[in-house]
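Open the structure in your viewer and keep the sequence panel beside it. This tour tells you what to select at each stop and what is there.

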Amino acid sequence: PATAVFFFFFGFTAPSDGLRLLPGLAAAGLDTALGLLAERDEALCHAQGNLAWKRAFLSGFSGLVLVCDSRRRVVRGNAPLTHRAGADPAGMTCHAALHGRGEPCPWCPADEVLAGHMAAMEIQSPLDGRYFAMTSAPLALPGQETLMLTLLTDVTERNMAVARLKSLNR
């Protein structure tokens, strides 16, 4: 069997030749353990990168971001959604958080999105009459049901400017 050799400093007492042999660690077992530690470190770096990306996206996107489950309950949302809903929207229905509605919106693409398709449309919110460009896509996370990621950008000012231009060109 192979033996692993470690060098220690800072007060570690070793035999006179400076080496201490640690019997019982086979080279293959040590290699496996070091490989597992390297994989764990790589996975941790990857997870930290994903978390940094998510934080940057959620804080950098000025529109509304929400993730809903199949029951149309908000699982996650960004700060603008919290402001619009008037409270932390987690657990609220999406139609209540976004539009103050007591029932699902007639234009809701949840069935289509949860079946694996993307949907994009422009809507007018019954809450305040503002127009939003809305894109919804399935969000498949490991070990969880498929969720619906929805991004909404307020396009009210753009629509008003287009309407003004059209009225001037008549």
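Start by selecting Asp128, which counts as partly exposed because its relative accessibility is 38%; that class lies between buried, under 20% relative accessible area, and exposed, over 50%, using a 1.4 Å probe and protein chains only. Show the side chain of Arg84 as well: Asp128 and Arg84 form a salt bridge, with 2.8 Å between the closest N and O atoms. A salt bridge here is a side-chain nitrogen of Lys or Arg within 4 Å of a carboxyl oxygen of Asp or Glu. Asp128 sits in the loop between strand 5 (119–124) and strand 6, while Arg84 belongs to helix 2 (residues 79–85), and the two are 44 residues apart.

Before moving on, note that this is a predicted model, in which local features need pLDDT of at least 70, side-chain atom pairs count only at pLDDT 80 or more, and totals for chains, interfaces and linings use all residues. Residues are numbered from 1 along each chain as its sequence is written, and side-chain values use heavy atoms, with hydrogens and water left out.

**The whole chain**

Colour the chain by secondary structure. The protein chain has five helices and seven strands, in the order β-β-α-β-β-α-α-α-β-β-β-α from the N terminus. Helices (H or I, at least four residues) and strands (E, at least two) are DSSP runs, numbered from the N terminus. Of the 170 residues in the protein chain, 22% are buried.

Side chains of opposite charge can pair when their charged atoms come close. How many salt bridges are there by this rule? The count is seven.

Next, select Arg158 and Glu122, a salt bridge whose closest N and O atoms are 2.7 Å apart. Arg158 is in helix 5 (residues 156–168) and Glu122 in strand 5, so this pair ties together parts 36 residues apart in sequence. Arg158 is partly exposed, at 46% relative accessibility, and Glu122 is partly exposed too, at 41%.

Now select Glu157 and Arg130. Their salt bridge has its closest N and O atoms 3.8 Å apart. Glu157 lies in helix 5 and Arg130 in the loop between strand 5 and strand 6, so parts 27 residues apart in sequence are tied together. Arg130 has a relative accessible area of 27% and is partly exposed.

**Strand 7 and its partners**

Select residues 147–154, which make up strand 7. Strand 3 (residues 64–68) pairs with strand 7 in the antiparallel sense over five bridges; two strands pair if DSSP finds at least two bridges between them. Pick Cys68, and its bridge partner in strand 7 is Met148.

Then select strand 6 (residues 131–139), which runs antiparallel to strand 7 and is joined to strand 7 by eight bridges. On this side, Ser136 stands opposite Thr150.

**The nonpolar core**

Select Leu64, Leu66, Cys68, Val74, Leu81, Leu98 and Leu152. Of the 16 residues in the largest nonpolar core, these touch the most other members. A nonpolar core is a set of buried Ala, Val, Leu, Ile, Met, Phe, Trp, Tyr and Cys residues joined through side-chain atoms within 4.5 Å.

Centre the view on Leu152. Leaving aside neighbours within four places in sequence, Leu152 is in contact (heavy atoms within 4.5 Å) with residues including Phe61, Leu98, Ile123 and Phe132.

Which residues lie nearest the centre of the largest cavity? Select Cys94, Leu98, Cys105, Cys108 and Met134, which are among its 15 lining residues. The largest cavity has a volume of about 130 Å³, and helix 3 gives the most to its lining, with four residues.

Finally, select Lys54, Val67, Arg76, Leu139 and Leu141, which lie nearest the centre of the largest pocket. That pocket has a volume of about 580 Å³, and helix 1 supplies the largest share of its lining, seven residues.

Both terms rest on a 1 Å grid over the protein atoms alone: a cavity is a set of points where a 1.4 Å probe fits but cannot get out, and a pocket is an open set with protein on both sides within 12 Å along at least five of seven lines; lining residues have an atom within 4 Å of a point. Grid points are joined across faces, edges and corners, and a volume is the space filled by probe spheres set on the points.
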